[in-house]
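Please work through each task with the structure at hand before reading its solution.

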Amino acid sequence: TDQAGRTVELTAPAETVVSGYYISTYAVLALGKGDAVVGLEKKADTRSLYQMAAPELIEKPGVGTMKELDTEAVAALEPDLVILPAALVDYADTLDGLGIPSRVGAPESHEALVEMIGLLGRALGAEDAAAALTDYYDEQLERMAALTEGAEKPTVYMASNSSYLSCAPAAMYQNYLVETAGGVNAAASLEGDYWTEVSYEDILAMAPEVIVVPSGAEYTAADVLADTQLAGVPAVENGKVYQMPAGLEEWDSPIPSGILGCLWLTSVLHPEQYPFEEFVADAADFYQTFYGFAVDESLITK
């Protein structure tokens, strides 16, 4: 049963796969099944992870986006399985009519990501790899809880990609990241499940002790620090504005490496308990273990 509640039947583990979005492609790679991918989402050449872990994917046919799927192109590839995001669930019926099995993924939280990885492991005959990855998550979550037990919890403002006058309320994945890392979401009282616009006055009232800029932001930590209208914010006053590493992945989202976002922020918030150098080593080990390449450690910044 997939994450849209649909029953999906395969006569054997899928040997060829079309992945309709990057999160499922990342997951297939993490399960050691990159060779099974015969088609994937468009603009694959913009994904740094593919360039580092599986450059051959960039040459594979691009069959869709989060808004549409080229079913004719998919059918021409004759895949054993198509993996769709929830936004493309309507295409599942079309694929069924073509005799092509499909499964829908909706990893909007850590728990849903774990479920998706387990389902993919079963569909691809990679149950052991899926268990190894989710066991790693459990180990690191226990480790972070132990590292931050009894420590002070700083208030953290998670800014959006488009503007630092937009932030993550409690219903977003980023709230989970902050809490897991031993912090308190400065915007937890805001309603909604998507980036919420706020004013300078709102940020001053929140008084965050740390501001986090996501890796794909259209601005920099230096821009935040230079904004005179934020001069009274504790994070700005104390120079505690950090940008997640660019050039790797979006660690502030529910992707297979999202656990690294939790570890990264734990190191930022609690450097005495978890030195950044230790995190860098852990991140490098993660990529070597689950994606099979040696990451350029100079990309792992804060």
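## Exercises on a predicted model

The structure is a predicted model.

**Exercise 1. Determine how helix 6 and helix 12 are oriented relative to each other, and which residues form their contact.**

*Solution.* 
Step 1. Two packed helices are described by the angle between their axes and the distance between the axes.
Step 2. The axes of helix 6 (residues 127-148) and helix 12 (residues 276-291) approach within 12 Å, crossing at roughly 170 degrees.
Step 3. Angles over 145 degrees count as roughly antiparallel, and helix 6 is therefore roughly antiparallel to helix 12.
Step 4. Helix 6 contributes Ala132, Leu133, Tyr136 and Arg143 to the contact, where they meet Glu278, Asp282, Phe286 and Phe290 of helix 12.
Step 5. By residue class, this contact of helix 6 with helix 12 comprises 5 nonpolar, no polar and 3 charged residues.

**Exercise 2. Identify the parts of the chain that are tied together by the salt bridge of Glu278 with Arg143.**

*Solution.* 
Step 1. Side chains of opposite charge can pair when their charged atoms come close.
Step 2. In the salt bridge between Glu278 and Arg143, the closest N and O atoms are 2.8 Å apart.
Step 3. Because Glu278 belongs to helix 12 and Arg143 to helix 6, the pair ties together parts that are 135 residues apart in sequence.
Step 4. Glu278 is partly exposed, with a relative accessible area of 36%; Arg143 is also partly exposed, at 23%.

**Exercise 3. Describe the salt bridge of Arg6 with Asp96 and state whether each partner is buried or partly exposed.**

*Solution.* 
Step 1. The closest N and O atoms of Arg6 and Asp96 lie 3.7 Å apart.
Step 2. Arg6 is in the segment before strand 1 (17-19) and Asp96 is in helix 4 (residues 91-97), so this pair links parts 90 residues apart in sequence.
Step 3. Buried means under 20% relative accessible area; at 16%, Arg6 counts as buried.
Step 4. Asp96, at 42% relative accessibility, counts as partly exposed.

**Exercise 4. Locate Lys43 and Ala207, and describe the phi angle and accessibility of each.**

*Solution.* 
Step 1. Lys43 lies in the loop between strand 2 (37-41) and helix 2 (48-53).
Step 2. Phi of Lys43 is positive, near 60 degrees, in a residue other than glycine.
Step 3. Lys43 is exposed, with a relative accessible area of 65%.
Step 4. Ala207 is found in the loop between helix 8 (200-206) and strand 10 (210-213).
Step 5. Although Ala207 is not a glycine, its phi is positive, at about 50 degrees.
Step 6. Ala207 is partly exposed, with a relative accessible area of 29%.

Definitions and conventions: Residues are numbered from 1 along each chain as its sequence is written. This is a predicted model: local features need pLDDT of at least 70, side-chain atom pairs count only at pLDDT 80 or more; totals for chains, interfaces and linings use all residues. Side-chain values use heavy atoms; hydrogens and water are left out. Axes are lines fitted to C-alpha atoms, for helices over the stretch in contact, and angles run from 0 to 180 degrees between N-to-C directions. Helices (H or I, at least four residues) and strands (E, at least two) are DSSP runs, numbered from the N terminus. Angles under 35 degrees count as roughly parallel, over 145 as roughly antiparallel, 65 to 115 as roughly perpendicular and the rest as oblique. Contact means heavy atoms within 4.5 Å. Ala, Val, Leu, Ile, Met, Phe, Trp, Tyr, Cys and Pro count as nonpolar, Asp, Glu, Lys and Arg as charged, and the others, Gly among them, as polar. Buried means under 20% relative accessible area, exposed over 50%, partly exposed in between (1.4 Å probe, protein chains only). A salt bridge is a side-chain nitrogen of Lys or Arg within 4 Å of a carboxyl oxygen of Asp or Glu.
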